[in-house]
Amino acid sequence: MTNQGWKAPEAAEKYKELVDLVAPGRREILTAIARLVTETASGPLCIMDIGCGWGDVSAEILKYSPDARVVMSDFSEVMVDITSERFKGNPNVSVFQHDLNTGLGSFEEKNYDAVVSCFALHHLEYENRVGLYSDIRTVLKPTGVFINGDLFKCDSLMINEWEFDNYIRWMAVQLKEKLGQEHTFSALKTRQLNNYQTMGDKPGTVWDMYNDLKAVGFPFVDCICKYQNLAVLAAGNR
């Protein structure tokens, strides 16, 4: 990944403090991913969490399946350090640094029940996404599933602008009610646009991802939820 935003420890800590306030329905998305993984697979689970951040989606999965084996990766050394410390008492969890722009790289395990990601893949360069999705399909069990909760833009430029403005208004209310912070619409919109640029955000549409997943051979691709600019897509063979 090419953005520089997550290299600073203070950026990671600030985002961790604010993420539930600025990401619509984030907790529900984490729960949806965890439940889909754990309720559609059987036996001891083997999970890969890519772009793991500080491991919230894996932590949610482990609530439902405490014995799951989880392999986690993130391109940010800061995030890897934070997450390694968080899960250091669990021998079934391993965390390593990896840039997903190069695909999945080499993994000993080729038999994952699920590959999951949450709010990470929109940082990838567009031209590297299909290759990553192909790698993901390769490491999944025949019954496995790939689930991605992420930031998406709209297909229509008009609706995309409306949705973004709606998101800014929603965030302004959240910051006022939860933190007592007052922000004008224009100031908050400018700040968020600058933040997207700093963090290297490059969201595609739900349809872009759907088409890419179909192109690499997933027979079934579904959007299991969408709220404002966030959505969860799941792909599998059944």
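Where in the chain is confidence lowest, and where is it highest? I started there, as this is a predicted model. Helix 1 (residues 9–22) is lowest, at a mean of 70, while helix 8 (residues 206–215) is highest, at 98.

**Salt bridges**

I got a count of 14 salt bridges. I went to Arg26 and Asp20, whose side chains meet at 2.8 Å, N to O. Arg26 has a relative accessible area of 6%, so I put it down as buried. Asp20, at 38%, is partly exposed.

Next I looked up Arg27, which bridges to Asp56 with the closest N and O atoms 3.9 Å apart. This pair links distant parts of the chain, since Arg27 sits in helix 2 (residues 26–40) and Asp56 in helix 3 (residues 56–64), 29 residues apart. Arg27 is partly exposed at 36% relative accessibility, and Asp56 is buried at 14%.

Glu182 is exposed, with a relative accessible area of 60%; Lys176 is partly exposed at 47%.

**Aromatics**

How many aromatic pairs does the structure hold? I have four. In one of them, Tyr133 and Phe146, the ring centres are 6.0 Å apart and the planes stand at 40°, so I logged the pair as tilted. Tyr133 comes from helix 5 (residues 129–139) and Phe146 from strand 5 (residues 140–151), so the pair ties together parts 13 residues apart in sequence. Both Tyr133 and Phe146 are buried.

Tyr167 and Trp170 have ring centres 6.2 Å apart and planes at 20°, so that pair is stacked. Both are in helix 6, three residues apart, or about one turn of the helix. Tyr167 is buried, at 4% relative accessibility. I then saw that Tyr167 and Trp170 belong to one aromatic cluster with Phe164 and Tyr196.

Another ring I looked up was Phe218: Arg137 lies over its face, at 5.8 Å from the ring centre.

**Surface patch**

Last entry: I found a nonpolar patch on the surface, formed by Met158, Ile159 and Trp162, with about 380 Å² of accessible area together. Ile159 is in helix 6 (residues 157–179). Is Ile159 buried, partly exposed or exposed? At 42% relative accessibility, I have Ile159 as partly exposed.

Notes. Residues are numbered from 1 along each chain as its sequence is written. This is a predicted model: local features need pLDDT of at least 70, side-chain atom pairs count only at pLDDT 80 or more; totals for chains, interfaces and linings use all residues. Side-chain values use heavy atoms; hydrogens and water are left out. Patches are made of residues with over 30% relative accessible area and no salt bridge: like charges are joined within 9 Å, nonpolar side chains (Val, Leu, Ile, Met, Phe, Trp, Tyr) within 5 Å. Accessible areas come from the Shrake-Rupley method with a 1.4 Å probe; for residues, only the protein chains shown count as cover. A salt bridge is a side-chain nitrogen of Lys or Arg within 4 Å of a carboxyl oxygen of Asp or Glu. Helices (H or I, at least four residues) and strands (E, at least two) are DSSP runs, numbered from the N terminus. Buried means under 20% relative accessible area, exposed over 50%, partly exposed in between (1.4 Å probe, protein chains only). Rings of Phe, Tyr and Trp (its six-membered ring) pair if their centres lie within 6.5 Å; planes under 30 degrees apart count as stacked, over 60 as edge-to-face and the rest as tilted. A charge sits over a ring if NZ of Lys or CZ of Arg is within 6 Å of the ring centre and within 35 degrees of the ring normal. pLDDT is the predictor's confidence in each residue, from 0 to 100.
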